[in-house]
Amino acid sequence: MNVPKGFAFAGGHVGIKEVNDDIGIAVADRECVASAMFTRNLFCGECIPLGKQAVSNHRLQGVIVTSGIANVATGEEGRRNELRLIDKLASLTNIAPENILPSSTGMIGPQLPVDTILQGMPSIADQLSSEHFMQFAKGIITTDTAIKTESRNVGEATILATAKGAGMIEPNMATMLVYIFTDAIVPDDRIDGVLRQSVNLSFNSMSVDTDTSTSDTVALLSSGIFPVDLDEFQSTLNDVCISLCRQIVAGAEGAKHTIEVVVNNCATEEEAKRIGKSIVNSPLVKTAIYGGDPNWGRIIMALDKTPDIQLDKTAIRISIGDSLIFEDEKEVTDNVEAIRRYLQASKVIVIALDMNSGHESHRVFGCDLTEEYIRINSYYTT
């Protein structure tokens with residue numbers, strides 16, 4: 001795995017969780033050009049306004065992530081605790097505290113065991129190295145069953161990213177955190193737009209369970225060493241984010257199948273996205289996919305409940321996999337059994353809709369709904 005120049009990473013256990021790793025730290029050897037997007041949940045974690053303030057000038061040099069407690073609904077004490085962690089990392093690394101982005105993820109409500117964390121931070125910071133990216137990635141996860149990373153090259157430059165998230169996920173930019181590091185030169189006046197395009201094609205087009213987390217953060221830090229073609233960089237960053245997005249839905253709580261809904265020939269891209277989200281979020285569609293049931297009527301239901309769309313029932317075509325199931329306002333009966341076999345044999349289920357109402361398209365990512373998701377979330381705190 002290539003690591004972009006100028007970054008060092010560490011992670012480990014500081015006592016938030018009983019056993020598993022629960023902190024990740026990333027620092028740069030210089031101020032980075034940076035951008036970030038955050039949750040739109042109005043009851044956001046105490047780290048979110050601090051992160052927004054830190055990145056407001058497009059500069060960051062450090063990231064600290066604590067895992068196990070979200071530091072949400074914790075009031076002034078929670079804000080002070082987050083600031084204490086920032087100040088501690090600043091003193092350990094000689095980074096200005098205003099250049100440090102904080103994140104906390106996990107259970108809502110409890111206070112961070114801040115004194116315990118502060119005691120453990122020096123030993124974690126001592127491990128900072130360009131070789132310890134996987135320690136950072138491991139330190140930020142909660143209910144994830146696998147570490148999610150992606151790395152790509154753009155000319156001489158490298159993009160390296162990691163994500164965590166398995167439930168409480170429908171980003172309006174879940175519980176979802178993404179950190180992207182690059183040594184490509186990305187100008188101040190372009191970095192927000194670059195990140196926004198990639199997020200809109202990936203994380204903001206994803207849903208596990210329709211619940212928007214209080215802690216969502218996607219951050220991009222550039223150490224600015226190698227010149228790149230920005231169009232090529234954008235395309236590669238899009239691929240990195242889509243790969244992480246697919247890893248998140250594949251590793252979602254209890255998921256057995258991932259679902260990709262492709263909506264083509266819509267009046268607007270936003271309309272295509274809303275249609276796709278309506279389908280991928282439907283519990284009835286999700287359970288049909290889980291059971292391998294070719295119940296295409298549930299797709300029609302989810303499509304029809306999308307408000308304010310241009311809908312010509314005579315023009316819509318729906319396919320599941322490679323098989324057409326709905327055309328000319330009726331079922332294509334010859335394909336039902338082929339679709340049943342496809343649903344039962346495939347781990348990635350693709351549903352395609354041709355709306356024939358325009359020229360815009362969008363792809364949405366999701367997963368099925370299983371008994372395991374219910375079990376995980378029924379006993380989350382017990």
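Which residues are linked with Arg59 in a network of salt bridges? Keep that in mind as you open the viewer; the model you are looking at is predicted.

**Stop one: the network**

Select Glu31, Arg59 and Asp188, and you have the answer: these three are linked in a network of salt bridges. Zoom in on Arg59 and Asp188, where the side chains meet with an N to O distance of 2.8 Å.

**Stop two: other salt bridges**

Select Arg84 and Asp115 next: their closest N and O atoms are 2.9 Å apart. Arg84 belongs to helix α2 (residues 75-93) and Asp115 to helix α3 (residues 114-125), so this pair ties together parts that are 31 residues apart in sequence. Arg84 is partly exposed at 36% relative accessibility, as is Asp115 at 46%.

Then move to helix α10 (residues 336-345), where Glu337 and Arg340 sit three residues apart, about one turn of the helix. Their side chains form a salt bridge of 3.3 Å, N to O. Glu337 is partly exposed, with a relative accessible area of 42%, and Arg340 is partly exposed at 29%.

**Stop three: strand β1**

Select residues 7-12. Is this strand buried or exposed? Six of its six residues are buried, so β1 is largely enclosed by the rest of the structure. In a regular strand, side chains alternate between the two faces of the sheet. Colour Phe7, Phe9 and Gly11 for one side of β1 and Ala8, Ala10 and Gly12 for the other; both faces are covered.

To follow one of them, pick Ala10 and look across to its bridge partner in β2, Ile25.

**Stop four: a hairpin and its neighbour**

Go to β10 (residues 317-320) and β11 (residues 323-327), an antiparallel pair with three bridges. Ile318 stands opposite Phe326 of β11. Two residues separate the strands of this hairpin, and Gly321 in the turn has a positive phi of about 65 degrees. Now show β13 (residues 348-354), which runs antiparallel to β10 and is joined to it by four bridges. Here Ser319 has Ala352 as its bridge partner.

**Last stop: Asn238**

Finish in helix α6 (residues 230-250), where Asn238 lies. At 10% relative accessibility, Asn238 counts as buried. Beyond its neighbours within four places in sequence, Asn238 is in contact with Gln197, Ser198 and Leu201.

Technical notes:
Residues numbered from 1 in each chain as written. Predicted model: local features only at pLDDT ≥ 70, side-chain atom pairs only at ≥ 80, totals over all residues. Heavy atoms only, no water. Buried < 20%, exposed > 50% of the residue type's maximum accessible area, 1.4 Å probe, protein only. Pairing = 2+ DSSP bridges. Contact = heavy atoms within 4.5 Å. Salt bridge = Lys/Arg side-chain N within 4 Å of Asp/Glu carboxyl O.
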